[in-house]
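I opened the notebook to record what I looked up in this structure. The entries follow the order in which I checked things.

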Amino acid sequence: MNELKKSIMVSLWFMFLTFPLMVIRVNTIEKTVIWRWENMALIGIGSFVLSFVWRWAIRRKEAGDAVAASGEKKSGKLAELANNPALTNSFRAFFLVVFLVTPWLVTTYQTNILISFLLYVVLGLGLNIIVGVAGLLFLGHAAFYAIGAYSYALLNQYFGLGFWVALPLGGVIAALAGIALAFPVLRLRGDYLAIVTLGFGEIVRLVLENWSDLTGGPSGVSNIPRPGLFDVKLSVADANIYIYYIVLVLAIITIIAVTRLKDSRIGRALQALREDEIACEAMGIDRVGVKVMAFGLGTAWAGFAGVIFAAKTTFINPASFTFFESAIILSIVVLGGMGSNLGVILGSAFLVLLPEYLRAFSEYRMILFASAMVLMMVFRPQGLIPAKGRSYTVDDPELNAANGGRI
């Protein structure tokens with residue numbers, strides 16, 4: 001009953017606050033006042049329902065936190081389904097078939113949206129190595145995306161190198177730039193590392209914008225050739241489909257590579273660095289080598305994605321690689337769940353696909369996006385799909401009695 005009273009008070013307060021804006025409308029031409037009482041009713045009902053649902057969700061969250069604090073393990077149906085290998089393999093095969101046939105069933109515009117989605121999946125998974133696995137706050141990922149794109153554009157413009165030669169070179173050049181950035185910031189963590197990487201991203205953008213003799217400055221580089229297919233001339237629609245399959249293959253390779261990396265010796269070292277840097281070094285792990293490896297591996301995928309982006313758009317300029325791009329990629333990782341590959345994919349779908357298919361609500365997209373982020377931070381701070389830690393079975397009877405023999 002107390003919660004009901006609070007919700008009623010909230011609805012009355014909102015109706016009072018919004019009364020001048022939502023109810024009163026003055027027609028200056030006819031010099032009349034229009035009273036829109038239906039708006040007040042809608043605001044009252046909406047605020048009452050939202051307040052009631054919000055309080056219910058908060059209570060539910062607090063109950064879940066109390067259960068987690070007590071040490072009880074409660075696995076939901078989604079967790080049980082996720083732990084079923086046959087079911088997960090069936091879902092993977094189903095989605096693979098869907099992605100293989102989709103470009104033949106949709107328009108060129110929708111194919112371009114799917115290409116952008118897959119590019120952000122690759123970018124998010126690359127950044128996930130640095131932020132999610134290694135635990136290093138990184139705000140300059142768009143700089144390496146730009147390095148990959150300009151590598152292809154300039155190598156083609158000045159040396160005539162094709163797409164397939166520039167693709168690995170773009171990844172290597174971006175990785176070398178990441179390694180070069182890693183050495184000066186080895187001792188930095190947290191906000192300080194974020195500020196330095198943010199500064200590096202802006203430096204790269206300003207260099208591309210002002211070195212007009214080499215990069216074309218704000219005008220950028222145009223007439224970048226698309227990837228060829230055995231000297232066959234492709235229409236714009238066919239070229240888009242061809243690029244779609246290239247990005248799809250790259251995304252699949254990235255998912256497999258990052259998954260294998262997390263379960264490898266290098267991945268364990270990166271996760272140890274994330275949990276406790278001092279303990280990691282005390283255990284004999286080379287902190288310098290691990291950080292450099294994280295920067296190199298994470299930025300290489302940004303370079304690959306940049307090359308494909310340049311081939312897709314056939315035109316690039318520094319305006320495509322602003323801090324906003326870095327923020328979007330980082331939001332994908334945080335929203336999806338740091339360290340989770342499936343979470344990055346869902347985060348990319350939420351931040352790339354959803355806004356495109358909600359263009360009917362274009363005026364309210366940023367409000368919806370901000371509301372979703374606030375709700376995520378309150379109710380799901382670990383992300384959509386939190387990363388799973390690995391557990392090990394032991395034979396100690398005391399541990400078996402305490403926690404089922406798993407540590």
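Entry 1. In which helix does Ile147 lie? I located Ile147 in helix α6, which covers residues 141-159. I kept in mind that the model is predicted.

Next I listed the contacts of Ile147, leaving aside neighbours within four places in sequence. The residues in contact with Ile147 are Ile173, Ala174, Ala177 and Val204. I also looked up one C-alpha separation: Ile147 and Val307 are 160 residues apart along the chain, and their C-alpha atoms are separated by 8.6 Å.

Entry 2. Ala174 belongs to the α7 side of a contact, and Val307 belongs to the α13 side. Two packed helices are described by the angle between their axes and the distance between the axes, so I looked up both values.

At what angle do the axes of α7 and α13 cross? Helix α7 spans residues 163-182 and helix α13 spans residues 287-313. I noted a crossing of roughly 145 degrees, with the axes coming within 7 Å. The crossing of α7 and α13 is right-handed.

I wrote down the residues that meet there. From α7 they are Phe163, Ala166, Leu167, Pro168, Gly170, Gly171, Ala174, Ala175, Gly178, Ile179, Leu181 and Ala182. From α13 they are Val292, Phe295, Gly296, Thr299, Ala300, Gly303, Phe304, Val307, Ile308 and Ala311. Sorted by type, the residues of this contact are 16 nonpolar, six polar and no charged.

Entry 3. I moved on to the loop between α13 and α14, where α14 covers 323-336. Two residues in this loop went into the notebook, Thr314 and Asn317.

For Thr314 I looked at the backbone. Its phi is near 60 degrees, a positive value in a residue other than glycine.

For Asn317 I looked at burial and contacts. Asn317 counts as buried because its relative accessibility is 15%. Which residues does Asn317 touch, not counting those up to four places away in sequence? I found Tyr150, Pro218, Ser219 and Gly220.

Entry 4. I checked another asparagine, Asn240, which is found in helix α10, residues 236-262. Its relative accessible area is 3%, so I logged Asn240 as buried. With neighbours within four places in sequence left aside, Asn240 is in contact with Thr108, Thr111, Asn112 and Ile115.

Entry 5. I looked up Ala372 in helix α16, residues 365-379. Ala372 has 17% relative accessibility and therefore counts as buried. I recorded its C-alpha separation from Leu335 as 9.7 Å; Ala372 and Leu335 are 37 residues apart along the chain.

Entry 6. Then I turned to the strands. How do β1 and β2 run, parallel or antiparallel? I noted that strand β1 (residues 24-27) and strand β2 (residues 32-35) run antiparallel and are joined by four bridges. On the β2 side, Trp35 is the bridge partner of Ile24, and Ile34 stands opposite Arg25.

The two strands form a hairpin with four residues between them. Lys31 is found in the loop between β1 and β2. I noted a positive phi of about 55 degrees for Lys31, although Lys31 is not a glycine. Is Lys31 buried or exposed? Its relative accessible area is 75%, and the cut-off for exposed is over 50%, so I logged Lys31 as exposed.

Entry 7. I counted 17 helices and two strands. Of the 407 residues, 39% are buried. The protein exposes about 23200 Å², and carbon and sulfur atoms supply 68% of that area. Among contacts between residues at least 6 apart in sequence, 73% join residues at least 24 apart.

Definitions and conventions: Residues numbered from 1 in each chain as written. Predicted model: local features only at pLDDT ≥ 70, side-chain atom pairs only at ≥ 80, totals over all residues. Heavy atoms only, no water. Axes fitted to C-alpha atoms, helices over the stretch in contact; angles between N-to-C directions. Left-handed = near helix turned anticlockwise from the far one by under 90°. Contact = heavy atoms within 4.5 Å. Nonpolar A, V, L, I, M, F, W, Y, C, P; charged D, E, K, R; others polar. Pairing = 2+ DSSP bridges. Buried < 20%, exposed > 50% of the residue type's maximum accessible area, 1.4 Å probe, protein only. Areas by Shrake-Rupley, 256 points an atom, 1.4 Å probe, with all protein chains shown as cover.
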